[in-house]
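Subject: A structure for you to look at

Hello,

Please open it first and keep it beside you as you read.

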Amino acid sequence: MQQEQISKFLKLLRMAQDIVVLTGAGVSTPSGLSDFKSLYNSKSLFQGYKPIEILSNYFLVRNPKIFYDFVMHYFSKPCEPNVCHQFVKILEQTGKNVTVVTQNIDGLHQKAGSKKVVELHGSLNEWYCTDCGQSRTFEEIKDLNLFDCENFGCHGFFRPDVVLYGEEIKKNALNDALRSFSNADTLIVMGTSLKTSLPFELIKNVFRGYTIISMDKDFVDFPQHQSPKMRIQEPLEKACKQLNFAIKKEYATHEKQT
Ligand SMILES: [Zn+2]
């Protein structure tokens, strides 16, 4: 990023009070997490099935054990937040009201310290039994290698509390997203192509703020009449690293006070 762009970003940030940061897969890929999008589109078969088939409600209810093995195979590796998650956390440290609305299910924003996180597609860290509803963390599921519910007399199995194909976004997540989008004066869109309908609709119909900043190495199509005031078209990690430095410098006093 050139100095001019960094200054422009800081200027837009100075005007912001209520910020929504919308994040997608691009924010988590530097953490080494399997990118859902490429996984969905991957042609490689898992136990004879395409990933896109497996990650659906239809498949889960018919082949829960294969679904379970699939999740363990691709998502059980521990991951740490990266510089992009830190960027979002640093925004919060400037004293502005920051809400993260994420399409990711990895919980890395919370792990980085972000306080207000709306998980549109649920969380891989929370699991529950399909029959009795008892909940378990992903850590417990992994440690105990739990698939069948261990409660006496229960015939259920454990699944992650994520939104699969064929399932609806949870009402409370949707309401939280609607509220934060309608209250925000500034929207930062990071690492998502806006190809899924909900984030696109939220920007088109709910966001009424002044500033939109697009951060993605690719050119992202925004709804008509909602074009970004600023596009940072660079690799996310690189841009975040520079911005983290610049924001910390500008808001150093705030950080010391807290
Ligand atoms: Zn159970």
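First, a word on the basis. This is a predicted model, in which local features need pLDDT of at least 70 and side-chain atom pairs count only at pLDDT 80 or more, while totals for chains, interfaces and linings use all residues. Residues are numbered from 1 along each chain as its sequence is written, and side-chain values use heavy atoms, with hydrogens and water left out.

The zinc site

The zinc ion has the protein donors Cys129 (SG), Cys132 (SG), Cys149 (SG) and Cys154 (SG), lying 2.3 Å from it. Donors here are N, O and S atoms within 2.8 Å of the metal (3.2 Å for Na, K and Ca); water is not among the atoms, so sites may look incomplete. Along the sequence, the spacing of the donor residues reads C-x2-C-x16-C-x4-C. Cysteine 129 belongs to strand β4, whereas cysteine 149 sits in the loop between α9 (138-144) and β6, so the pair ties together parts that are 20 residues apart in sequence. The site is tetrahedral, with angles of 103 to 118 degrees among its 4 donor atoms; the term applies to four donors if all angles lie between 85 and 135 degrees. For reference, the ideal angle for four tetrahedral donors is 109.5 degrees.

Cysteine 129 is buried, at a relative accessible area of 1%, and cysteine 149 is also buried, at 8%. (Buried means under 20% relative accessible area, exposed over 50%, and partly exposed in between, with a 1.4 Å probe and protein chains only.)

The sheet around β4

Strand β4 is also part of an open sheet of 3 strands, ordered β5-β4-β6 with antiparallel pairing. Its edge strands are β5 (135-137) and β6 (158-162), each of which pairs on one side only. Helices (H or I, at least four residues) and strands (E, at least two) are DSSP runs, numbered from the N terminus, and two strands pair if DSSP finds at least two bridges between them. Strand β4 (residues 122-129) and β5 are joined over 3 bridges in the antiparallel sense. In this part of the sheet, tyrosine 128 stands opposite serine 135 in β5.

Salt bridges

The structure has 13 salt bridges, each being a side-chain nitrogen of Lys or Arg within 4 Å of a carboxyl oxygen of Asp or Glu. One of them links glutamate 140 and arginine 136 at 3.9 Å, N to O. Glutamate 140 is partly exposed at 31%, whereas arginine 136 is buried at 18%. Another joins glutamate 167 to arginine 159 at 2.7 Å, N to O. There, glutamate 167 is partly exposed at 22% and arginine 159 is buried at 5%. Lysine 170 and aspartate 161 also meet in a salt bridge, at 2.5 Å, N to O, and lysine 170 is partly exposed at 43%. Salt bridges with shared partners also connect Lys89, Glu92 and Lys115 in one network.

Two backbone details

Most residues other than glycine have a negative phi. Glutamine 47, not a glycine, has a positive phi of about 45 degrees. Glutamine 47 lies in the loop between α3 (36-41) and α4 (51-54) and is partly exposed at 45%. Histidine 225, also not a glycine, has a positive phi of about 65 degrees. Histidine 225 is in the loop between β8 (211-215) and β9 (230-232), and is exposed at 77%.

Enjoy looking around!

Best wishes

Methods:
Tetrahedral: all angles 85-135°; square planar, octahedral: opposite > 155°, others 65-115°.
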